[in-house]
Amino acid sequence: MTKLDTQGGVVYSKFLEGDGDDRGYAIAVDANGSAHVAGSTTSANFPVSADALQSHFEGGAADAFLTKLSPSGGTLEYSTYWGGAGEDSGNGIALDAVNAV
(Lines give C-alpha, C1' and ligand atoms only; values in the text may rest on other atoms or scores of the structure.)
Protein backbone atom coordinates (compact mmCIF):
# COMPACT_ATOMS: atom_id res chain seq x y z
CA MET A 1 0.00 0.00 0.00
CA THR A 2 1.33 3.45 -0.89
CA LYS A 3 0.10 6.83 0.31
CA LEU A 4 0.81 9.86 -1.84
CA ASP A 5 0.70 13.53 -0.85
CA THR A 6 -1.17 16.15 -2.89
CA GLN A 7 1.89 16.69 -5.10
CA GLY A 8 2.23 12.98 -5.91
CA GLY A 9 5.15 12.40 -3.54
CA VAL A 10 5.33 9.19 -1.53
CA VAL A 11 4.32 9.62 2.14
CA TYR A 12 4.81 5.92 2.85
CA SER A 13 4.84 2.56 1.15
CA LYS A 14 4.05 -0.48 3.27
CA PHE A 15 3.55 -4.21 2.77
CA LEU A 16 0.55 -5.61 4.61
CA GLU A 17 0.81 -9.35 4.21
CA GLY A 18 1.24 -12.80 5.61
CA ASP A 19 2.47 -15.96 3.89
CA GLY A 20 -0.66 -16.57 1.81
CA ASP A 21 -2.69 -14.71 -0.78
CA ASP A 22 -3.56 -11.27 0.63
CA ARG A 23 -5.65 -8.80 -1.36
CA GLY A 24 -6.91 -5.36 -0.44
CA TYR A 25 -10.18 -4.57 -2.22
CA ALA A 26 -11.35 -1.34 -0.59
CA ILE A 27 -9.82 1.66 1.14
CA ALA A 28 -11.20 4.68 2.95
CA VAL A 29 -9.22 7.54 4.45
CA ASP A 30 -10.57 9.28 7.54
CA ALA A 31 -10.35 12.96 8.46
CA ASN A 32 -7.10 12.31 10.37
CA GLY A 33 -5.44 10.67 7.35
CA SER A 34 -5.60 7.08 8.65
CA ALA A 35 -6.15 4.44 5.97
CA HIS A 36 -8.85 1.82 6.57
CA VAL A 37 -8.48 -1.25 4.32
CA ALA A 38 -10.77 -4.22 3.70
CA GLY A 39 -9.86 -7.32 1.74
CA SER A 40 -9.30 -11.05 1.89
CA THR A 41 -6.49 -13.29 3.06
CA THR A 42 -5.54 -16.94 3.12
CA SER A 43 -2.63 -16.22 5.49
CA ALA A 44 -2.59 -17.85 8.91
CA ASN A 45 -0.08 -15.17 9.95
CA PHE A 46 -1.73 -12.02 8.57
CA PRO A 47 -0.80 -9.09 10.86
CA VAL A 48 -3.46 -8.50 13.51
CA SER A 49 -3.49 -6.08 16.42
CA ALA A 50 -3.60 -7.12 20.09
CA ASP A 51 -7.23 -5.98 20.34
CA ALA A 52 -8.38 -7.84 17.19
CA LEU A 53 -11.99 -8.97 17.22
CA GLN A 54 -10.84 -12.22 15.56
CA SER A 55 -7.15 -12.96 16.05
CA HIS A 56 -6.81 -16.12 13.95
CA PHE A 57 -7.64 -17.46 10.51
CA GLU A 58 -10.87 -19.48 10.64
CA GLY A 59 -10.09 -21.65 7.62
CA GLY A 60 -12.01 -22.22 4.46
CA ALA A 61 -10.92 -20.62 1.20
CA ALA A 62 -10.28 -17.13 2.70
CA ASP A 63 -11.16 -14.79 5.55
CA ALA A 64 -11.97 -11.12 5.21
CA PHE A 65 -9.76 -8.63 7.03
CA LEU A 66 -10.19 -5.07 8.31
CA THR A 67 -7.09 -2.97 8.98
CA LYS A 68 -6.39 0.62 10.04
CA LEU A 69 -3.00 2.26 9.48
CA SER A 70 -1.87 5.49 11.13
CA PRO A 71 -1.58 8.64 8.96
CA SER A 72 2.20 8.13 8.72
CA GLY A 73 1.80 4.42 7.88
CA GLY A 74 4.21 3.53 10.68
CA THR A 75 1.64 2.06 13.07
CA LEU A 76 -0.86 -0.72 12.61
CA GLU A 77 -3.63 0.88 14.68
CA TYR A 78 -6.10 -1.97 14.27
CA SER A 79 -6.27 -5.19 12.28
CA THR A 80 -8.51 -8.22 12.49
CA TYR A 81 -9.64 -11.25 10.56
CA TRP A 82 -13.36 -11.35 9.87
CA GLY A 83 -14.60 -14.71 8.70
CA GLY A 84 -15.79 -18.21 9.29
CA ALA A 85 -15.30 -21.63 7.77
CA GLY A 86 -16.35 -20.57 4.25
CA GLU A 87 -14.91 -18.03 1.82
CA ASP A 88 -15.12 -14.49 3.18
CA SER A 89 -13.98 -11.24 1.61
CA GLY A 90 -14.15 -7.55 2.53
CA ASN A 91 -15.11 -5.93 -0.77
CA GLY A 92 -16.16 -2.50 0.47
CA ILE A 93 -15.58 -0.12 3.37
CA ALA A 94 -17.19 3.12 4.53
CA LEU A 95 -16.66 5.49 7.43
CA ASP A 96 -19.31 7.39 9.33
CA ALA A 97 -19.19 10.98 10.64
CA VAL A 98 -16.97 9.96 13.61
CA ASN A 99 -14.57 7.88 11.46
CA ALA A 100 -15.99 4.53 12.58
CA VAL A 101 -16.09 1.69 10.06
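A salt bridge is a side-chain nitrogen of Lys or Arg within 4 Å of a carboxyl oxygen of Asp or Glu. The model is predicted: local features need pLDDT of at least 70 and side-chain atom pairs count only at pLDDT 80 or more, while totals for chains, interfaces and linings use all residues. Residues are numbered from 1 along each chain as its sequence is written, and side-chain values use heavy atoms, with hydrogens and water left out.

Q: Which residue forms a salt bridge with Asp21?
A: By the rule above, the count comes to 2 salt bridges. In the one that involves Asp21, the closest N and O atoms are 3.1 Å apart, and the partner is Arg23.

Q: Is Arg23 buried or partly exposed?
A: Buried means under 20% relative accessible area and exposed over 50%, with partly exposed in between (1.4 Å probe, protein chains only). Asp21 has a relative accessible area of 37% and is partly exposed. Arg23 has a relative accessible area of 43%, so this residue is partly exposed.

Q: How far apart are the closest N and O atoms in the salt bridge of Glu77 with Lys68?
A: Glu77 is partly exposed, at 33% relative accessible area. Lys68 also counts as partly exposed, at 23% relative accessibility. In the salt bridge between Glu77 and Lys68, the closest N and O atoms are apart by 3.3 Å.

Q: In what order do the 4 strands form the open sheet?
A: Strands (E, at least two residues) and helices (H or I, at least four) are DSSP runs, numbered from the N terminus. Two strands pair if DSSP finds at least two bridges between them. The pairing in this open sheet is antiparallel, and the order of its strands is E3-E4-E5-E6.

Q: Which are the edge strands?
A: An edge strand of this sheet pairs on one side only. The two that do so are E3 and E6 (76-82).

Q: How many bridges join E3 to E4?
A: Strand E3 covers residues 22-29 and strand E4 covers residues 35-41, and the two run antiparallel. Gly24 stands opposite Gly39, and Ile27 stands opposite Val37. The number of bridges joining E3 to E4 is 7.

Q: Which residue of E5 is the bridge partner of Gly39?
A: E4 pairs with strand E5 (residues 63-69) in the antiparallel sense over 7 bridges. Ala38 has Leu66 as its bridge partner in E5. For Gly39, the bridge partner in E5 is Phe65.

Q: Which residue in the hairpin of E3 and E4 takes a positive phi?
A: This hairpin has 5 residues between the strands. Ser34 lies in the loop between E3 and E4, and its relative accessible area of 3% means that Ser34 is buried. The residue with a positive phi, near 95°, is Gly33.

Q: Why is E4 largely enclosed by the rest of the structure?
A: In a regular strand the side chains alternate between the two faces of the sheet. Both faces of E4 are covered: Ala35, Val37, Gly39 and Thr41 are buried on one side, and His36, Ala38 and Ser40 on the other. E4 is largely enclosed because its buried residues number 7 of the 7.

Q: Which residues make up the largest nonpolar core?
A: A nonpolar core is a set of buried Ala, Val, Leu, Ile, Met, Phe, Trp, Tyr and Cys residues joined through side-chain atoms within 4.5 Å. Leaving aside neighbours within four places in sequence, Phe65 is in contact (heavy atoms within 4.5 Å) with residues including Leu16, Val37, Phe46 and Tyr81. The largest core has 5 residues in all: Leu16, Val37, Phe46, Phe65 and Tyr81.
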